Structures are given as structure tokens and as C-alpha cells.
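Hi,

Here is the model I promised to pass on.

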Amino acid sequence: MQMLTAGAAAPEFTLQDQNGEMVSLSQFKGKNKVLVYFYPKAMTPGCTTQACSLRDSKSELEALNTVVLGLSPDPVKKLKGFEEKKALNFTLLSDEDHAVADAFGVWGPKKFMGKEYDGIHRISFLIGEDGNVEHVFNKFKTKDHHDVVINYLKGE
């Protein structure tokens, strides 16, 4: 697993969102910063905490010219259920074959309850308006993720 670092060009991608629409990273280039956050599985406790905190911080993130894209290997139908059940107000993208996770270097070996398997590592990337990785967020708790991102954006 070779994770992208700050300064690297963000890999271009186009994925289906929770509504079945195609969304490309390039559509934000030159307009917004993009928080591309990878999470393992919709509707699980940690992922729900992280998503709801981002939901509740949307206006603050928008004021900082930042759009949120959440990526997981969940199918579109599950993402739609997650959006509806938790009243999420940002884009969720389905990376079922984990090609985008691979490109960002966040797909790899994990351990849970003594079992080893491959999966998504909970890491976020702030993509600048120029299309390059501005910052990598890989040290946070799910409940504090939004604060870590906002503090970085504010220069705190």
C-alpha cells in the first residue's frame, strides 16, 4: 500500500454517487477544494459518527470553499440508504472495485478481531483547487475528523 502524499497529483476518477449520477473529481478543479474521505462501510458505528459530523459541519466547510466526497466500497443502493437514514447532505461515491482506493493508496491489509483481510483504511485527502493533494489526514478519531479538517482549513 503506497499512500499518496501532499504535493502529489490526485488521481482523476469518475464514480456513481448515491443517486446513480456520475461524479468526477475534475469537475471541482479550479473551483473548490475537495475533501476526499475514505471510509470502510456505510451504517457502521464509526463511519456513521464520521459522516454525521461532516453533515453537521457542511456550512462551515462550504464557507471554507470545501466540498466533501465520501468514498467506500459499498454499492450505490446502500449509499442511498445511508444518505436517507442519516440525512446526509454531501456526495457519497461507490468504489465497489476499490480502484480509486487503490489509486490513492488506502486499500490494503487490515486486522479486526484477530482476522486479517484487505480493506479501506480510514484516511482523508484534501485536494487543492489545482488538483494536487494539499494535505493527508490519517491521524484522527471518527468523532473528531471534521474538527481536524476544519482546523487545518482555518490554518489553526
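Ala 42 touches Asp 74, Lys 78 and Phe 82, leaving aside residues up to four places away in sequence; a contact here means heavy atoms within 4.5 Å. This alanine is found in the loop between E3 and H1. Helices (H or I, at least four residues) and strands (E, at least two) are DSSP runs, numbered from the N terminus. Ala 42 is buried, as its relative accessible area is 2%. Buried means under 20% relative accessible area, exposed means over 50%, and partly exposed is in between, with a 1.4 Å probe and protein chains only.

Before you read on, two notes on the ground rules. This is a predicted model, so local features need pLDDT of at least 70 and side-chain atom pairs count only at pLDDT 80 or more, while totals for chains, interfaces and linings use all residues. Residues are numbered from 1 along each chain as its sequence is written, and side-chain values use heavy atoms, with hydrogens and water left out.

Met 43 is in the loop between E3 and H1 too. Met 43 has a positive phi of about 75 degrees although it is not a glycine. It counts as partly exposed because its relative accessibility is 35%. Ala 87 is another non-glycine with a positive phi, about 50 degrees in this case, and it is found in the loop between H3 and strand E5 (91-94).

Now for helix H1, residues 45-56. Its 12 residues should span 16 Å at 1.5 Å a residue, and the end C-alpha atoms are 16 Å apart, which agrees. (The expected span is 1.5 Å times one less than the number of residues.) Which residues of H1 are buried? They are Cys 47, Thr 48, Gln 50, Ala 51, Cys 52, Ser 53 and Leu 54. The cover over the buried residues of H1 includes strands E3 (33-38), E4 (66-72) and E8 (124-127), along with helices H2 (58-63), H3 (76-86) and H5 (145-153).

Gly 108 is found in E6 and is buried, with a relative accessible area of 4%. Its C-alpha atom is 4.9 Å from that of Asp 118, which is 10 residues away along the chain. Lys 111 also lies in E6, but this lysine is exposed, with a relative accessible area of 61%. Lys 111 touches Glu 116 and Tyr 117, again not counting residues up to four places away in sequence. Lys 111 and Gly 81 are 30 residues apart in sequence and 27 Å apart in space, C-alpha to C-alpha.

Finally, the whole chain. What pattern does the protein chain follow along the sequence? It reads β-β-β-α-α-β-α-β-α-β-β-β-β-α, with five helices and nine strands. The radius of gyration is 14 Å, close to the 15 Å that the globule rule gives for 156 residues, so the chain is as compact as a globular protein of that length. That radius is taken over C-alpha atoms, and the rule is 2.2 Å times the number of residues to the power 0.38. Along the principal axes, the C-alpha atoms fill a box of roughly 40 × 35 × 30 Å.

Of the 156 residues, 47% count as buried. Among contacts with a separation of 6 or more, 65% are between residues 24 or more positions apart. The chain exposes about 7,800 Å², and carbon and sulfur atoms supply 50% of it; the areas come from the Shrake-Rupley method with a 1.4 Å probe, and for residues only the protein chains shown count as cover.

Cheers

Conventions: Expected span 1.5 Å × (residues − 1).
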